[in-house]
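Hi,

Here is the structure I promised to pass on.

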Amino acid sequence: MVVRPSSAPLHLALFLPWLASERAVLTREAEPGRPFALIEKQRGALRLVAVDREAARLGLDPGLPLADARARVPDLAALPHAPEADRALLDRVVRLCGRFTPLVAADPPAGVICDLGGCAHLFGGEEALCAALRRQVRALGVTARLALARTGEAARALARFGGEDVRGLPIAALDIDEEIRRALGRAGFLTVGEVMAQPSGPLAARFGIGLVRLLERLAGEADLPLVPHGPPVPVRVEMRFAEPVGRTGDVLDAIEALVGQAADQLAERGEGGRAFAVRLHRSDGHVARLLIETGVPTRDPALVLRLLRERIDSLADPLDPGFGYDTIDLTVPRTERIEERQPGLAEPERQAGQDMDALLDRLTVRHGAETIRHLAGADSHVPERAGFLSSQGAPQGECDWTPPGEGEPPLRPLLLLDPPQQVEVMAAVPDGPPRLFRWRDRTWRIVRQEGPERIAPEWWRRREGHAGKPGLSRDYYRVEEAGGHRFWLFRHGLYERETSDPCWYVHGLFA
Amino acid sequence: MACSPEAAAMTDGPASYVELAVATNYSFLHGASSPGEMVKTAVALGLSGIGIADRNTVAGVVRAHVAVRDLREAEALPEGFRLVVGARLCFADGTGDIIAYPATRFGWGRLTRLLTLGNRRARKGECILHLPDLLDHAGDLLLIALPGADAGVLARLREAAPGRVWLGAAMHRTGRDARLLARARALAEKAGVPLIALNDALYATPEQRPLQDVLTAIRLHRTVGEAGRALLAHAERHLKPPREMARLFAACPEALAETGRLAGRIDFTLDQLRYEYPHEPVPYGWEPQGWLEHLVMEAARDRYGAVLPDKARRLIDKELTLIARQNYACYFLTVHDIVRFARSQGIFCQGRGSAANSIVCFLLGVTSVDPMLHDLLFSRFMSSERKEPPDIDVDFEHERREEVMQYIYRRYGRDRAGIAATVIHYRPRSAVREVGKALGLSEDVTARLAGTVWGSYKTKHEGERAREGGLDPDNPQIARLNHFVERIVNFPRHLSQHVGGFVLTEGRLDETVPIHNAAMADRTFIEWDKDDIDALGIMKVDVLALGMLTCIRKSFDLMRLHGLGEHTLELDLAADDPAVYKMLGRGDSIGVFQVESRAQMNMLPRLRPVEFYDLVVQVAIVRPGPIEGDMVHPYLRRREGTEKPDFPTPAPPHPPDELRAVLGKTYGVPIFQEQAMNLAITAAGFSDEEANGLRRAMATFRNVGTIDNFRGKMVGGMVARGYDRTFAERCFRQIEGFGSYGFPESHAQSFARLVYVSAWIKCHHPAVFTCALLNSQPMGFYAPAQLVRDAREHGVEVRAVEANHSDWYSTLEHRRDGGLALRLGLHRIGGFREDWAERMSAARAAGGGFTDMEDMARRATLPARALRLLADADACRSFGLDRRAALWEARRMPEGELPLFAAMQARELGEEPEVALRPMTLGEHVATDYQMTRLSLKEHPMAILRPLFAAENVTPCADLRNRKGGERIRVAGVVLVRQRPGKGNAIFITLEDEGGIANIVLWARQFERFRREVMAARVMLVEGLVQRSREGVVHVMASRIVDRSQVMGALSGGPMPPPPTHAARHPRDVRLLPPSRDFH
């Protein structure tokens, strides 16, 4: 009987054959009860990247063009392949494995390899560990095939191809260049064991030293170290005091020092923090927490410190040091990469942007992110769609408004009436300018006008918009009445072409 | 609310307006209406004229020209309506757009040269122009600077084109129109140029704005919803009536009047591009017509003797007179010149199409059908009423056509010879895909709607297609997609070069039409297509490529080389060799020109050709025209004699047997295009020109209205003459089918000659024939595996690819018994290179055969990859190495090193431990043969699998012919072809096993049940009933289909575990057998 020393390397491999399709089920993208495939454009055609069990049962394999697949199974559903989402799910499985051993590595796209060396007994032996792991992975909604072997690669091959011994696996299980695998097949080798039985010299001469090394690893004669997976260690710095500190100035000095240390660590990583958390541990066990967030990643100590001061100043209950703090720590829970920017020649401009960022951060710290809004332009001809209130963060679809012509008054007023208010207007048909109008019980005689600016409705927003029913166009006029007030009026509907009796509205007032 | 009508009243009165900035859909993705639509709308709105100016192109102007001509002919064109043509120049240097109209023919030449300059310096499909280019080419051009131009540009333009510059002004409802107009006015005044009114129309009617937006979105690769202000704000860019324009320009009426003034200064029309033929072929001192007559008469005397038969003299006189009247002599001489060159180089060529109706073409050697022997309809080729020059298409060997094209460029110069364009239109599939993207539909949905398998968009109602794809056709998104697809289909998409339509001019070609770079290096093409060239009466010659001509030439070369005699294309057809007809009558026609498809093969035993004319019928009858017109069965019955030929007779006083003259040759059944036209002439009283118009209406325009007119006219005419209405309807239906798919008899005659020649070679020299076919690939209908198999069934010994015996191409080797054996060439090995093969042949010729792999590697300096491919193709048997041993040896030579070093190193590797390799099974060999060379001489895969199938009671395909009709049987084989022809009621599948093929028919309703099996199987088992036709053709009517592809695994080395789901597999491993030919 061979006794395996407890320190013998033992690897567990998981293979998740249905990862992509199970992910699609979990995210509810897949319609239940209908075979589906995940597709991607490859070599000019939409092709299947992964299929679910049902589609596989119907004989559809990854790599098949979608058109061919549909020719065979017309009701096949097709979903976009989402490798990031698959990877995220794989990472969850990896973290789950982390409960059993610290040495876990993802084996993308659909595998995990764990080094169980010395861990199995903690969970009642290998079998119990495997059962527990399988159950927990299952609970995630993912099917896993597990295999144990001395080396990671052997375990991996067994998980994928089944069986007890790598020697019995087909040569397809060799994780090596396709060309070499085919050549091995041509040479008549059917199983990994048959290749292993050959002298290594001739093999190396024909198939490369890589094959020989691979065979050694599969046989357990050599091993590759695992690069364990783990979340990156957060930046964390702390300061302990022999005597608790209580004076605000001392506390701030300590925080300043911590911020400086954290900034150095961030700089090493090429990252900046989007959030900074300070914990003040009072000697009686009470912990006070300060959290600030920034709009853009930063590692500028002065900025962070200023924001922390703001936070302290704006606290509803001011800090109560009591008998003083004996430990202060600072962590950076959210980080992002910082692109090092070379200061350009247009220095002031850059400064302006940064000043705005800094101001926004300060306002956010004081009043909360949800209270800060700014006006952004949107890409539309229709006035009420041409702008929106954007919250802080990365606003989407923002663009610039068209500037007025040189030396010309603005085309549109700054503020719009919402909704536009109907007015009675006298104007020439078919599309003459307004002469006078009644609004708010007053008659306004128009002395100057410019227009029309014709804006047709966005036909694609209407069901029949493409088929001759796009809605009513508007003719906008900028008008000035005798008393100097300026209005933005529009006629709703083109006379005769769209309506026989267009209405008029005032949509805004110019300053 | 009160309104004052005074503003409208103010501008009342007669207004005259020419819209001079009109973009059509030839401003690709910038305009939403066709040139014809623009012209018609402009006429309907009462404009005094229209100026077509597309973006850096004149590709659409001929269509507008034709639309005007059609209106004029229909007397629907108002007096004085002007079409002026030019281009909108868009510059790469930031200059604003400028519209240029040539005032004279000279100006047109300047414009086309300018555009050519821009095209030639850009990649295909682009045009790069800078302002100085225009200034250099401004002669006789009238220039309109579009709104936004600055004073500097105006000044430079005015200097280059004094008195010929205008500044455009538009009232586009921007909200600032009055300001802009005032500014433009001031600018124009300061620059000393007149202001001119424009609306810069992008579409004909305001309803087309959504379409325009979709086009813009497609152009910008965005969705309509995301395109934002890249779309125009409103629907104002349509053609507007003069009154409306007058109202818009009430403040500046002189700008409106200026449009008429500009148009009035234009003398140029496209009719002035009167063609002059190249003079080269006419020797000094001769007039073209005289030289042509001289050549023709000389040839006629050679052919028919010193005293011409009356018929020949009559035909020649008639044609020459017509040629003289139309001034086409140079055209015929030019074609003759090209053909003469090809002949002098030993390149086989032969005219096709309607030119074979002409005795002049025959005597000039352009065509090979002697009109003396056949009564052909000359007016199909050329008539005094037809305004366009005749159409002469000549086929050349496909591998040597380039030589002919280069000759044309050499002789006529690149500035005078060019290839016509082909306008690539939106097809339903591309339209669905691009419109779908613009509307924000996912690629999955559009792919489903585009219906990429079996069936085109048009043949089916859209709703049905959507439902089939699992989508609701009433869904507003889908309805919207269909709406736009319907409108965008047939929009031009881009220009490409025509396959071989050459245009030749006497003067510079680039002064007639702009020239573009083609995607191919050293190729250029003009921007008008065949229809445009026809419409303008410009001459073209189609220099086409035909694989069979290559094959026949190679056959004759091989026969010469191996002492089998000298032959030419003019093989003695009159001999009507019975052995050839006997072979064809069996349906034994694999590889034979035109009659090798399954439909043709099925027809052969029914038609049983016994003379040349039967081949002419055979070629023409298996076409959609005769089939849809239900002409095939009556013809066969009458020819067999089971039905009496029936010639419907008109009522008196018309001659009762007038149809006998038209349809006599084909037993009263119209089969050829000419017959259908003749029928219209004789029985329905059409003129020659009307008959031609009928044919053209079907072929090119597919205009429902026009066709209906002809239908009424023809059916009415025939009924009026006393013919039976159903007969008349049937005749018309057939003509409809002919439109695009029918053959003229002259064309069938030309093709039938090649049928005979290729059948003759196959019949008497099968080894030569197969060798030539293999060396002319890709061509024809069958894969090399079937060609080789067919050759072996005809007793040809086929020898495998071998390093010591094969050249690059397949060759013939002498057998001990004096016969010829076919040696497959190294070109059969996928990935092998011709230069390796040449080095091998050279090394063998210099120093004798190779003794072993090292010797070969060293003497032929082959890289390791070449050695591996040779070994893997099992081509090293003469070294005493089978595939496995050879590969073991070849892989020892490291890849990627210099061959010489590799070889030396290999020797120095010295002895190594013995490795026992398992011998390769036959199955593995066969599977590998297919992977490497797409065929195996060792065994058919099905032969190896036979025991497996025999146990399941599967009948070998060869046994089918001994089975009784109605018998229930099982057959199995490799899938060669899947087809769902015509209306799709039945699916045809061809299976092959080691002994023969089986023709499977599956009804469409069964297909749904077995869809997966039908579409996926490479090896298929079919259960069904035997059905025999009277002619002895055997089909299996399938009732059950099983996909047995997995048995192929058994070939390549024992049971294998199922492959993992995620492992990527090399396509070669997946494709154990070459894919079947599926016709979607």
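Predicted model: local features only at pLDDT ≥ 70, side-chain atom pairs only at ≥ 80, totals over all residues.

Residues are numbered from 1 along each chain as its sequence is written, chains are lettered from A and ligands numbered from 1 in the order in which they are written, and side-chain values use heavy atoms, with hydrogens and water left out.

Chain A, hairpins

Helices (H or I, at least four residues) and strands (E, at least two) are DSSP runs, numbered from the N terminus. Two strands pair if DSSP finds at least two bridges between them.

Take β2(A) (residues 36–42) and β3(A) (residues 45–51): they run antiparallel and are joined by six bridges. A:E40 sits opposite A:R47 of β3(A). The two strands make a hairpin with two residues between them, and A:R43 in the turn has a positive phi of about 45°. β3(A) is mostly covered, with six of its seven residues buried (buried is under 20% relative accessible area, exposed over 50%, partly exposed in between, with a 1.4 Å probe and protein chains only).

Further along, β15(A) (residues 434–439) pairs with β16(A) (residues 442–455) in the antiparallel sense over four bridges. There, A:F437 has A:W444 as its bridge partner. This hairpin also has two residues between its strands, and A:R440 takes a positive phi near 50°. β16(A) pairs with β17(A) (residues 474–481) too, antiparallel and over seven bridges, with A:I446 opposite A:E481.

Chain A, a four-stranded sheet

An open sheet in chain A has the strand order β8-β11-β9-β10, with antiparallel pairing. Its edge strands are β8 (235–245) and β10 (287–298), each pairing on one side only. On average, neighbouring strands are turned by 15° against each other, direction ignored. (Axes are lines fitted to C-alpha atoms, for helices over the stretch in contact, and angles run from 0 to 180 degrees between N-to-C directions.) β9(A) (residues 271–282) is joined to β10(A) by eight bridges, and A:F276 has A:I292 as its bridge partner in β10(A). Helix α11(A) (residues 248–269) packs on the sheet, touching β8, β9, β10 and β11, and its direction makes about 160° with that of β8(A). Contact here means heavy atoms within 4.5 Å. Helix α12(A) (residues 301–314) lies across β9 and β10 of chain A, at about 135° to β10(A).

Chain B

Chain B has 45 helices and 24 strands. Of its 1080 residues, 58% count as buried. Residues 24 or more positions apart account for 71% of the contacts with a separation of 6 or more.

How do α8(B) and α17(B) cross? The axes of α8(B) (residues 209–220) and α17(B) (residues 428–438) come within 9 Å and cross at roughly 95°. That makes the two helices roughly perpendicular (65 to 115 degrees; under 35 is roughly parallel, over 145 roughly antiparallel, the rest oblique). B:V214, B:A217 and B:I218 meet B:E434, B:V435 and B:A438.

Finally, B:S776 lies in the loop between α34 (766–775) and α35 (784–793) of chain B. B:S776 is buried, with a relative accessible area of 0%. Leaving out residues up to four places away in sequence, B:S776 touches B:H398, B:E399, B:T550, B:C551 and B:K554.

Cheers
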